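Reader: I'd like to walk through this model feature by feature. Could you give me the general idea each time, then the case at hand?

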Amino acid sequence: MDDERYMQLALEQALEAATADEAPVGAIIVADDRVIAVARNEREALRDPTAHAEMIAITQAAAALSNWRLENCTLYVTLEPCPMCAGAIVQARIPRVVFGALDPKGGAVRSLYRLLEDERLNHRVAVVEGVLREPCGQVLTDFFAAKRRAKRP
């Protein structure tokens with residue numbers, strides 16, 4: 001299935017993020033069965049609170065298409081998007097989002113809010129959740145467990 005194939009690419013980005021000591025989230029944007037954006041979290045490296053994988057991927061995709069409207073794209077991301085990223089998805093008019101793990105503390109697609117399906121907004125997004133859920137969640141669990149262990153005296 002294509003969703004799993006593309007999510008695997010996003011998961012590879014998440015693993016690269018972990019290696020760079022960034023929260024391990026990866027994102028891919030596909031248009032017409034072609035990958036046009038590949039990104040991972042870079043908040044630490046860029047010292048930028050907006051440098052989430054989704055935000056970077058959206059910027060890359062807009063540049064690749066020379067258009068801020070990403071109307072024929074699918075965003076694949078390993079973790080449920082936060083409110084900032086969900087807002088950017090709506091603003092970019094992305095019609096479809098596929099994500100792996102739920103984010104019970106910050107998710108704005110299913111967990112805490114349902115921004116992508118809010119009928120009060122001018123754009124709604126088809127959502128597929130849980131693609132490669134276990135490996136997407138495990139990379140986060142392992143990363144933060146290692147961080148907690150490193151802090152112990």
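Author: Happy to, and let's begin with surface patches. Patches are made of residues with over 30% relative accessible area and no salt bridge, where like charges are joined within 9 Å and nonpolar side chains (Val, Leu, Ile, Met, Phe, Trp, Tyr) within 5 Å. The accessible areas come from the Shrake-Rupley method with a 1.4 Å probe, and for residues only the protein chains shown count as cover. A salt bridge, in turn, is a side-chain nitrogen of Lys or Arg within 4 Å of a carboxyl oxygen of Asp or Glu.
Here, Leu9, Val35 and Val38 make a nonpolar surface patch of about 180 Å².
One caution before we go on: this is a predicted model, in which local features need pLDDT of at least 70, side-chain atom pairs count only at pLDDT 80 or more, and totals for chains, interfaces and linings use all residues. Residues are numbered from 1 along each chain as its sequence is written, and side-chain values use heavy atoms, with hydrogens and water left out.

Reader: Which residues does UniProt place under "binding site"?

Author: UniProt positions are given in the numbering used here, feature names are shortened, and annotations may be inferred rather than shown by experiment. The record, an unreviewed entry, puts "binding site" at His52, Cys82 and Cys85. They're spread over 34 residues of sequence yet cluster in space, with a largest C-alpha distance of 9.3 Å. Of these residues, His52 and Cys82 are included in the lining of the largest pocket. On a 1 Å grid over the protein atoms alone, a pocket is an open set of points with protein on both sides within 12 Å along at least five of seven lines, whereas a cavity is a set of points where a 1.4 Å probe fits but cannot get out; lining residues have an atom within 4 Å of a point.

Reader: What does histidine 52 touch, and what is cysteine 85 in contact with?

Author: Contact means heavy atoms within 4.5 Å. Not counting residues up to four places away in sequence, histidine 52 touches Asn41, Arg43, Cys82, Met84 and Cys85. Histidine 52 lies in the loop between α2 (43-46) and α3 (53-65), and its 14% relative accessibility makes it buried.
Cysteine 85 belongs to helix α4, residues 83-91. With the neighbours within four places left aside, cysteine 85 contacts His52, Glu54 and Met55. Its relative accessible area is 0%, so cysteine 85 is buried.

Reader: Where is leucine 116 found, and is leucine 116 buried or exposed?

Author: Look in the loop between β4 (96-101) and β5 (126-129). Leucine 116 is at 0% relative accessibility, so it counts as buried. Beyond four places in sequence, its contacts include Ala86, Ile89, Val90 and Val97.

Reader: How many salt bridges does a search of the whole structure find?

Author: Side chains of opposite charge can pair when their charged atoms come close. The search turns up nine. In one of them, glutamate 129 pairs with arginine 110, the closest N and O atoms being 2.7 Å apart. That pair links distant parts of the chain, 19 residues apart: glutamate 129 is in strand β5 and arginine 110 in the loop between β4 and β5. Glutamate 129 is partly exposed at 31%, while arginine 110 counts as buried at 18%.
Glutamate 129 also meets arginine 133 in a salt bridge (4.0 Å, N to O). Salt bridges that share partners join Arg110, Arg114, Glu117, Glu129 and Arg133 into one network.
Then there's arginine 120 with aspartate 118, closest N and O atoms 2.6 Å apart. Arginine 120 is exposed at 75%, and aspartate 118 is buried at 16%.

Reader: Which residue has a positive phi of about 65°?

Author: Most residues other than glycine have a negative phi. Aspartate 21 has that positive value although it isn't a glycine; aspartate 21 is in the loop between α1 (2-19) and β1 (26-31). Arginine 93, in the loop between α4 and β4, has a positive phi near 60°.

Conventions: Helices (H or I, at least four residues) and strands (E, at least two) are DSSP runs, numbered from the N terminus. Buried means under 20% relative accessible area, exposed over 50%, partly exposed in between (1.4 Å probe, protein chains only).
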